[in-house]
Amino acid sequence: MQAKGTFSSPSLTLLPLNIPCSSSRSGSLSCYFQIKQQRKTICACVAPPLNIGSNGISKTKNNHMSKSEELHSVLEPEDDSDVLIECKDVHKSFGEKHILRGVSFKIRHGEAVGIIGPSGTGKSTILKIMAGLLTPDKGEVYIRGRKRDGLISDNEISGVRIGLVFQSAALFDSLTVRENVGFLLYESSTMPEDQISELVTETLAAVGLKGVEDRLPSELSGGMKKRVALARSIVFDASKATIEPEVLLYDEPTAGLDPIASTVVEDLIRSVHMTGEDAVGKPGKIASYVVVTHQHSTIRRAVDRLLFLHNGKVVWQGMTDEFTTSASPIVQQFASGSLDGPIKY
Ligand SMILES: Nc1ncnc2c1ncn2[C@@H]1O[C@H](COP(=O)(O)OP(=O)(O)OP(=O)(O)O)[C@@H](O)[C@H]1O
Ligand SMILES: [Mg+2]
């Protein structure tokens, strides 16, 4: 198998991140080795969240926020046993630019959360911090209650598998769809190649793609590339003894797609969630996900709860159906796209 021969490194385990790379094979390789240096392994067997109902969903799933509320008045559930990821007072600067100025929120087991906010406000940055690709300058990230020190590669034990689907589909241009989707498995799994190939085909079918395994990314449409990227992030290593809850972080998964292709991707995001059912009728495996988006259709269709990021902080949070009815001026301006309001460009 080409991918295996090209990138053999049995000692390494990479997270199922979709890594942006340059277009050549050597570009893919150099990107791979960059990642290799940054990341070691992520595996741990930790008890499942305590506070999970018989349907697998968090019992404390923010039902308390049934009314539109400003952030300061929102009551968090007291029981944190179902919290998978927590950002606490996270700060991040790039040079002189103080981008994140005390961001705090929790992602609970079973949740589908959207992060919205003006361009350049730090949405991609907070996703990268959650994924462990960037460290906060100040503040903490907790993974199932355990503080993460440094980058994800500095932690041998995580307890949650975190995948990031980058803003661009970020496929390896010189590898086939099969090699892209099976990349981590060819690299680090003990599964035989024909089993990996079968699994890749199954995973592609789950996102509604058939017969594209031997194509190169340049032979796919934008929407198909997004689906391949999604397949790559959900492909599951059947040889692993332990199964951790998986959180997927999507950075603008529907940007640049037409309304129908957007709907397809939004439904796919729902379908791979534990409450969903994939294209071949199997239950989804993703415990929780976070979607950064500007698109109203994605807000309505793909997420249940929203965090509004502005001026480096979460300035509003509420359920999706409150987004268009909220009295908050900043939410009203964002929802209507008005030039008048607290957000100035
Ligand atoms: N590695 C970096 N080095 C320097 N500046 C950076 C870096 N990453 C992000 N920034 C800056 O931080 C700010 C926030 O960037 P980020 O990509 O998180 O914004 P965003 O909210 O995702 O924006 P958009 O909606 O346009 O994708 C921007 O001003 C960006 O230029
Ligand atoms: Mg961004």
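In this predicted model, Leu184 sits in helix α5, which spans residues 183–188. Leu184 counts as buried because 20 C-beta neighbours lie inside 10 Å, and a residue is called buried at 20 or more. Between Leu184 and Val235 there are 9.0 Å from C-alpha to C-alpha, although the two residues are 51 apart in sequence.

Helix α5 also takes part in covering the helix α6. The buried residues of α6 are covered by elements that include α4 (177–181), α5 and α7 (222–234). Helix α6 itself comprises 14 residues, 193–206. From its first C-alpha to its last, α6 reaches 20 Å, close to the 20 Å expected at 1.5 Å a residue. Its buried residues are Ile196, Val200, Thr203, Leu204 and Ala206. Viewed down the axis of α6, these buried residues fall within an arc of 150 degrees, so they line one face of the helix. An α-helix has 3.6 residues a turn, so residues three or four places apart point the same way. Just after α6, Gly208 adopts a positive phi of about 80 degrees.

Helix α8 has 13 residues and reaches 18 Å from its first C-alpha to its last, close to the 18 Å expected at 1.5 Å a residue.

Glu252 is partly exposed, because 19 other C-beta atoms lie within 10 Å, while burial requires 20 or more. Asn311 likewise is not a glycine and has a positive phi, here of about 50 degrees. The loop that holds Asn311 runs between β9 (305–310) and β10 (313–319). Asn311 is partly exposed as well, because 16 other C-beta atoms lie within 10 Å.

Leaving aside neighbours within four places in sequence, Ile126 is in contact with Cys87, Leu100, Val103, Ile115 and Leu309.

The most is given by α3, with three residues. The residues around ligand 1 are Phe94, Lys97, Ile99, Ser119, Gly120, Thr121, Gly122, Lys123, Ser124 and Thr125. By class, this shell has two nonpolar, six polar and two charged residues.

Finally, the protein as a whole has ten helices and ten strands. Of its 345 residues, 44% count as buried. Among contacts between residues at least 6 apart in sequence, 68% join residues at least 24 apart.

Definitions and conventions: Residues numbered from 1 in each chain as written. Chains lettered and ligands numbered in written order. Predicted model: local features only at pLDDT ≥ 70, side-chain atom pairs only at ≥ 80, totals over all residues. Near = placed C-beta within 6 Å. Helix = DSSP H or I, 4+ residues; strand = E, 2+ residues; numbered from the N terminus. Nonpolar A, V, L, I, M, F, W, Y, C, P; charged D, E, K, R; others polar. Buried ≥ 20, exposed ≤ 12 C-beta atoms within 10 Å, placed from the backbone. Contact = placed C-beta atoms within 7 Å. Expected span 1.5 Å × (residues − 1). Arc of directions from axis to C-beta.
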